[in-house]
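Colleague: I would like to go through this model with you. Where shall we begin?

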Amino acid sequence: MAEQKVKLLGFWVSPFAYRVIWALKLKGIDYEYIEEDIFNKSPLLLQLNPIHKKVPVLIHGDRVISESYVIVQYIDETWPHCPLLPQDPYERAMARFWADFAETKLLNTAWLGLCARGAEREKAAKLAMEAVEKIEEVVKGKKLFGGESIGYLDICLGWISYWLPVWEEVGSMQIIDPIKFPATSSWMNTLLHHPVIGDNLPGRDAMIEYFQKRSKDIYESDWFKDIIRLHLHP
């Protein structure tokens, strides 16, 4: 089964798609990449992921897997060499816990900060910084979350090293203060200098242009006001 053809549907600026790209590259798995236009979704994407209609989607033979965390875990179990998840059950559980924490408490609030304005942006940035405080304690004293080599948590939190600084620049906010969060900043630098990560990233200038327009469009949408009310004014 592991020898069957692998395809990946992604979007050029999606941090979720890059989690899968990094996992495949770290494992040395050949795959075909298929670029999707998430604003004009292809019949293939809608057929393969009819529930969420999102990327990434991994095709392995006749099997279809969606959701980046699920895909990375599938890759790790299907190709067990160079393991990403810890072997110890407790450590595996903790890796999954912190991956989920970073998604819900940091990524979501940082994204709100990028798209919001004024006091609401400041509040979102403050909440994101509170999440970084927790992550700082986890990575303190470590080169990488995975120890000396990249692991599951490094892949899942890898967006922090590259996407988050872009969001900070576009949103004129600071979430990762190198003085306040030295361990996190050091980890970010170490991760970006790893060839698998550093050689597989979207262009920064194009990202800035994309997120400037995307955040403006979201801020001006009617539904975003409801999101702000739900998350920042519960």
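**Backbone, strands and pockets**

Modeller: With Pro 56, which is placed in the loop between helix H2 (43-48) and strand S3 (57-60). Please keep in mind that this is a predicted model.

Colleague: Which residue does the cis peptide bond join to Pro 56?

Modeller: The partner is Val 55, and omega of this cis bond is about 5 degrees. In general, most peptide bonds are trans.

Colleague: What about phi of Cys 82?

Modeller: Cys 82 has a phi near 50 degrees, which is positive although the residue is not glycine. Most residues other than glycine have a negative phi. Cys 82 is found in the loop between H3 and H4.

Colleague: Where does Ser 172 lie?

Modeller: Ser 172 belongs to the loop between helix H7 (159-171) and helix H8 (182-192). Its phi is near 50 degrees, again a positive value in a residue other than glycine.

Colleague: Is Ser 172 buried or exposed?

Modeller: Ser 172 has a relative accessibility of 66%, so it counts as exposed; the cut-off for that class is over 50%.

Colleague: Let us turn to the strands. In which sense do S1 and S2 pair?

Modeller: Strand S1 (residues 6-10) and strand S2 (residues 32-35) are parallel, with four bridges between them. Gly 10 has Glu 35 of S2 as its bridge partner. Together with H1, these two strands form a right-handed β-α-β unit.

Colleague: And how does S1 run relative to S3?

Modeller: S1 and S3 are antiparallel and are joined by four bridges. Leu 8 has Leu 58 of S3 as its bridge partner.

Colleague: What stands opposite Leu 58 in S4?

Modeller: That is Ile 65. S3 and strand S4 (residues 63-66) form an antiparallel pair over four bridges. The hairpin of S3 and S4 has two residues between the strands, and Gly 61 has a positive phi near 65 degrees there.

Colleague: Which way do the residues of S3 point?

Modeller: Val 57 and Ile 59 point one way, while Leu 58 and His 60 point the other way. All four of these residues are buried.

Colleague: Now the pockets. What is the volume of the largest pocket?

Modeller: About 1100 Å³. The lining of this pocket has 34 residues, and Phe 16, Lys 54, Leu 107, Asn 108 and Trp 111 lie nearest the centre.

Colleague: How much space lies in the second largest pocket?

Modeller: The second largest pocket holds about 280 Å³. It is lined by 18 residues, with Pro 86, Glu 91, Ala 95, Phe 145 and Gly 146 closest to its centre.

Colleague: Which helix gives the most to the lining of that second largest pocket?

Modeller: H4, with four residues. Helix H6 (152-156) also supplies at least two residues of this lining. The lining of the second largest pocket comprises twelve nonpolar, four polar and two charged residues.

Definitions and conventions: Residues are numbered from 1 along each chain as its sequence is written. This is a predicted model: local features need pLDDT of at least 70, side-chain atom pairs count only at pLDDT 80 or more; totals for chains, interfaces and linings use all residues. Side-chain values use heavy atoms; hydrogens and water are left out. On a 1 Å grid over the protein atoms alone, a cavity is a set of points where a 1.4 Å probe fits but cannot get out, and a pocket is an open set with protein on both sides within 12 Å along at least five of seven lines; lining residues have an atom within 4 Å of a point. Grid points are joined across faces, edges and corners, and a volume is the space filled by probe spheres set on the points. Ala, Val, Leu, Ile, Met, Phe, Trp, Tyr, Cys and Pro count as nonpolar, Asp, Glu, Lys and Arg as charged, and the others, Gly among them, as polar. Buried means under 20% relative accessible area, exposed over 50%, partly exposed in between (1.4 Å probe, protein chains only). Two strands pair if DSSP finds at least two bridges between them. A crossover is right-handed if, with the strands pointing away from the viewer, the path from the first strand over the helix to the second runs clockwise.
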